[in-house]
Amino acid sequence: RGSLTMIRNVIACVLLGLPTIAFAAGGGGHVEHVDADISNEASVQRGAKYFVNYCLGCHSAQYVRYNRLAVDLELTEDQLVENLMFTGERPHDTMENAIPATDSANWFGRTPPDLSLTARARGDDWVYSFLKSFYVDPSKPTGVNNLVLEGASMPHVLWELQGIQKAVYRTDLDAQGSPHEVFDHFELVQPGTMTPEQFDVMAQDLTTFLTYISEPAQLKRRSLGIKVILFLVVLFLFSFLYKKELWKDVH
């Protein structure tokens, strides 16, 4: 069932941004903040499910191995094979996409990028916002555009979940008094299978997963870093007291 969904979508995953405040029609501006908590195992698991169903058809995560996911997400090998391994043959395989690079380049104009390090390079707010910022644009081959990545060749792979929305602009005056169009808000044209609130949670889960795969060891690194800092603090205190003891007769 998961592989059918992935093949049917045959597209890329999502990553970039939508502005919370108004910005010019050309894209850019501020993005929404998201709390991508990779210590939330349930959120990472849900994000992994969305990734393999909606992203792995075209995008790879070549620096991540399936068996590493199983260990970090506390999944059995059977759960891994049944729910996540739609492109690999062995648990130690990396997460390669399902479409040959030559085919995807012909379909989309370029080979969809690997997503292993996207969240680390762009930031989780950027990834989360991009998932929510597709809008109808009949002038584009895919029929959609993105406020953050203007002219993106990627189709809106999550349209069934989010629905179809259009960007609504207003006219503002710049510092010189010249009128220009500024993004105001999105308007839902066709509802999806999720409510806006449910889609926000889905986008957060997918962002959390992409944040996790960008550095799977970051939780252990942070934990180790805190221990090292505490050790250095204690070492400094003992060293300071020892120094005072050695020099007390000199003073």
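The entries below go from the whole chain to single residues.

**Ground rules.** I am working with a predicted model, in which local features need pLDDT of at least 70 and side-chain atom pairs count only at pLDDT 80 or more, while totals for chains, interfaces and linings use all residues. Residues are numbered from 1 along each chain as its sequence is written, and side-chain values use heavy atoms, with hydrogens and water left out.

**Whole chain.** I looked up the secondary structure and found 10 helices and six strands. Helices (H or I, at least four residues) and strands (E, at least two) are DSSP runs, numbered from the N terminus. Of the 251 residues, 39% count as buried. Buried means under 20% relative accessible area, exposed over 50%, and partly exposed in between (1.4 Å probe, protein chains only). I then took the contacts between residues at least 6 apart in sequence, and 72% of these join residues at least 24 apart. Contact means heavy atoms within 4.5 Å.

**Helices α2 and α9.** I looked up how α2 (residues 41-54) packs on α9 (residues 196-214): the angle is about 95 degrees and the axes are 7 Å apart. Axes are lines fitted to C-alpha atoms, for helices over the stretch in contact, and angles run from 0 to 180 degrees between N-to-C directions. The two helices, α2 and α9, are therefore roughly perpendicular to each other. Angles under 35 degrees count as roughly parallel, over 145 as roughly antiparallel, 65 to 115 as roughly perpendicular and the rest as oblique. On the α2 side the contact residues include Val 44, Tyr 50 and Phe 51, and on the α9 side they include Met 202, Phe 209 and Tyr 212. By class, the residues of this contact are nine nonpolar, three polar and two charged. Here Ala, Val, Leu, Ile, Met, Phe, Trp, Tyr, Cys and Pro count as nonpolar, Asp, Glu, Lys and Arg as charged, and the others, Gly among them, as polar.

**Tyr 212.** I followed α9 to Tyr 212, which counts as buried at 5% relative accessibility. Leaving aside neighbours within four places in sequence, Tyr 212 is in contact with Ile 38, Val 44, Arg 68, Leu 69, Asp 72 and Gln 218. With Asp 72 there is a side-chain to side-chain polar contact of 2.7 Å. A polar contact is a pair of N or O atoms within 3.5 Å; within protein, one must be able to donate a hydrogen and the other to accept it, and residues adjacent in sequence count only if both atoms are side-chain atoms. I also checked Ala 119, which is 93 residues from Tyr 212 in sequence and 8.5 Å from it in space, C-alpha to C-alpha.

**Thr 211.** Thr 211 also has its place in helix α9, and it is buried, with a relative accessible area of 11%. Its side chain reaches the backbone oxygen of Thr 207 at 2.8 Å. Beyond four places in sequence, the contacts of Thr 211 are Ala 36, Ile 38, Ala 119, Asp 124 and Gln 218.

**Ser 116.** I found Ser 116 in the loop between α5 (101-108) and α6 (118-122). Its relative accessible area is 0%, so Ser 116 is buried. The side chain makes a polar contact with the side chain of Asp 114 at 2.6 Å, and a polar atom of the Ser 116 side chain lies 3.1 Å from the backbone nitrogen of Gln 62. Not counting residues up to four places away in sequence, Ser 116 touches Ser 60, Ala 61, Gln 62, Tyr 63, Ile 213 and Ser 214.

**Helix α7.** Is α7 (residues 124-132) enclosed or open? Seven of its nine residues are buried, so α7 is largely enclosed by the rest of the structure. Among the buried ones are Trp 126, Phe 130 and Lys 132.

Strands β5 (residues 163-173) and β6 (residues 179-191) run antiparallel and are joined by 11 bridges. Two strands pair if DSSP finds at least two bridges between them. The bridge partner of Lys 166 is Glu 187, and that of Ala 167 is Phe 186. Five residues separate β5 from β6 in the hairpin, and Gly 177 in the turn has a positive phi of about 85 degrees.
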